[in-house]
Amino acid sequence: MSDLPKVWLAHSYTLNKNFLPDFKQEEFERKLEKVKIFSAYIDKHVDFILEKIVHYTGLAWQSKEIPVYILFDHEKRSIAFPLIIAWKGYPEDRLLVLTHELIHIILRDSQDNIFKQNNPMTPLNNKESEAVIWLIVKQVFTDLDQARKTKFTDEYDRFSQFDEAQKEFFKLVNDFSAKWDIKQKPLKEWLQTL
Ligand SMILES: [Zn+2]
């Protein structure tokens, strides 16, 4: 088993203020209260999630620490570099988004490291990596639900419905799921067969 990074919730009022000029310190404190359940989910489940990500990607964590910043601007998107979770919805779906971004991190770190040799990630373009990430997220949460009697896959299903633009994307997800048996081969091995 590879070493797992420490994933922790970082607080930055200034980060929020940069996006939301009217943002007040008191409002920040108040909103942080709402993040407590999310923080508890991270503490409770993140090692399980990190291990499953290793298992299904076949990659190892390169980072020792991954701070997670919260941005209270629901119109913005979450990003992996640096890891910023835009706060919207509720703690359960934010855990899903966090897992998604963590997979981006392990993929990118491995790309950097493997770049000089044969980079097994190159067969995937951006859209394709997004699709593969969705499959891994689903499997990780299926495992989590089974092992810990949680109900996070409900969130995944809620995310996977939707509008025309996303229909196209989930078609790609389904295509990949037909070709890649995630339980048989980690992502890295599967990509080497393409
Ligand atoms: Zn993504």
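## The crossing of α5 and α7

In this predicted model, α5 passes α7 in a right-handed crossing, where a crossing is left-handed if the near helix is turned anticlockwise from the far one by less than a right angle, and right-handed if clockwise. Helix α5 (residues 126-148) and helix α7 (residues 164-179) pack at an angle of about 65 degrees, with their axes 9 Å apart; axes are lines fitted to C-alpha atoms, for helices over the stretch in contact, and angles run from 0 to 180 degrees between N-to-C directions. That angle makes α5 roughly perpendicular to α7 (under 35 degrees counts as roughly parallel, over 145 as roughly antiparallel, 65 to 115 as roughly perpendicular and the rest as oblique).

On the α5 side, Lys127, Glu128, Ala131, Val132, Trp134 and Leu135 meet Phe169, Leu172, Val173, Phe176 and Ser177 of α7, two residues being in contact if their C-beta atoms, placed from the backbone, lie within 7 Å. The residues of this contact of α5 with α7 divide into 8 nonpolar, 1 polar and 2 charged (Ala, Val, Leu, Ile, Met, Phe, Trp, Tyr, Cys and Pro count as nonpolar, Asp, Glu, Lys and Arg as charged, and the others, Gly among them, as polar).

## The packing of α3 on α5

Helix α3 (residues 36-57) and α5 pack at an angle of about 130 degrees, with their axes 10 Å apart. That makes α3 oblique to α5. The contact is made by His45, Phe48, Ile49, Lys52, Ile53, Tyr56 and Thr57 of α3, together with Ile136, Gln139, Val140, Asp143 and Leu144 of α5, and by class it has 7 nonpolar, 3 polar and 2 charged residues. Helix α3 passes α5 in a right-handed crossing.

## The chain as a whole

The chain has 8 helices and 3 strands, which are DSSP runs numbered from the N terminus (helices H or I, at least four residues; strands E, at least two). Along the sequence they follow the pattern β-α-α-α-β-β-α-α-α-α-α.

For 194 residues, a compact globule would have a radius of gyration near 16 Å, and the chain, with 17 Å, agrees; the radius is taken over C-alpha atoms, and the globule rule is 2.2 Å times the number of residues to the power 0.38. The C-alpha atoms fill a box of roughly 55 × 35 × 30 Å, taken along the principal axes. Residues 24 or more positions apart account for 68% of the contacts with a separation of 6 or more.

## Basis of the values

Residues are numbered from 1 along each chain as its sequence is written. In this predicted model, local features need pLDDT of at least 70 and side-chain atom pairs count only at pLDDT 80 or more, whereas totals for chains, interfaces and linings use all residues.
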